[in-house]
Amino acid sequence: RYEDAVAAYEMIRATDKEYLSAQNRKGNILTLIGRDDEALELFGKVLSLVPDNPALYDAALNSMANILRKLGRFDEALGLYEKALEAEPENVMALNNMGNIFSDIGEDGEALTLYDRALETEPENSSILVNKAYSLIGLGRNEEAIETLDKALGISPGNVMAMNNKANLLSETGRTKEAIKIYNMALDLNPAHVPTIINCGIAYA
């Protein structure tokens, strides 16, 4: 019922103290239903209205950059993340998301540096650890990637993406039985996780 949610947010008066927070939430819903141009315009308006509200400003900035990343407009997205980091150098969300862009474009060394910076602030953030492992894989540092995924799983044992990625590495290095065991554990937790279904099938082939 995303369209209903958008309509509800549009009914909130501009004078309402919750108006700008609602606009941020409305923007997130707009992008979920594919109305990215409208979401970008909305987040741009929020940024112009809340320069002195760090929380709202940061949320709008990161959301806007995430849409630009989704659209492949990487330079624009990086510019926004850099702006967020100028205001708050240890902004974990911006560091992680900026790392994701560098990972997208194959700059795994840059991505790894950013993930490590984010982990200095949040060392037990399992999602960032999973992203770090991706960059290590891209750099050919597979054993370090497995260690990083093990750390993520120690923090969040039910992290299906971490399980899938570790199993992929094991499968690629000939440790197929171990990989299949982990794929099946992941599927017990989330039977509908498509990447794991596919990878498990490949391992059995």
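Predicted model: local features only at pLDDT ≥ 70, side-chain atom pairs only at ≥ 80, totals over all residues.
Residues are numbered from 1 along each chain as its sequence is written, and side-chain values use heavy atoms, with hydrogens and water left out.

Start with the overall picture. The protein has 12 helices and zero strands; both kinds of element are DSSP runs numbered from the N terminus, helices being H or I with at least four residues and strands E with at least two. Of the 205 residues, 45% count as buried, where buried means under 20% relative accessible area, exposed over 50% and partly exposed in between, using a 1.4 Å probe and protein chains only. Contact means heavy atoms within 4.5 Å. Among contacts between residues at least 6 apart in sequence, 40% join residues at least 24 apart.

How far can each part be trusted? The predictor gives each residue a confidence from 0 to 100, called pLDDT. The protein averages 88, and 90% of the residues score at least 70. Confidence is lowest in helix α1 (residues 2–10), with a mean of 50, and highest in helix α7 (residues 108–121), at 97. Over residues 11–17 the pLDDT is below 50, and this stretch has four contacts in the model beyond near neighbours in sequence.

Now find helix α3 (residues 36–49) and α4, whose axes come within 9 Å and cross at roughly 155 degrees. That makes α3 roughly antiparallel to α4; angles over 145 degrees get this name, those under 35 are roughly parallel, 65 to 115 roughly perpendicular, and the rest oblique. On the α3 side, the contact includes D36, L40 and F43, and on the α4 side it includes Y57, L61 and M64. By class, this contact has 11 nonpolar, two polar and two charged residues. Here Ala, Val, Leu, Ile, Met, Phe, Trp, Tyr, Cys and Pro count as nonpolar, Asp, Glu, Lys and Arg as charged, and the others, Gly among them, as polar.

Follow the chain onward to the next pair. The axes of helix α4 (residues 54–70) and helix α5 (residues 74–87) come within 8 Å and cross at roughly 160 degrees, so α4 and α5 are roughly antiparallel to each other. Among the residues making this contact are Y57, L61 and M64 of α4, along with F74, L80 and Y81 of α5. The contact of α4 with α5 has 10 nonpolar, two polar and four charged residues.

P89 sits in the loop between α5 and α6 (92–104) and is partly exposed at 45% relative accessibility. Leaving out residues up to four places away in sequence, P89 touches L95 and R117. D116, in helix α7, is partly exposed too, with a relative accessible area of 30%. D116 and L129 are 13 residues apart in sequence and 8.8 Å apart in space, C-alpha to C-alpha. L129 is also one of the residues that T148 touches, together with K132, A133 and L136, not counting residues up to four places away in sequence. T148 lies in helix α9 (residues 142–155) and counts as buried because its relative accessibility is 9%.

Notes: Axes fitted to C-alpha atoms, helices over the stretch in contact; angles between N-to-C directions.
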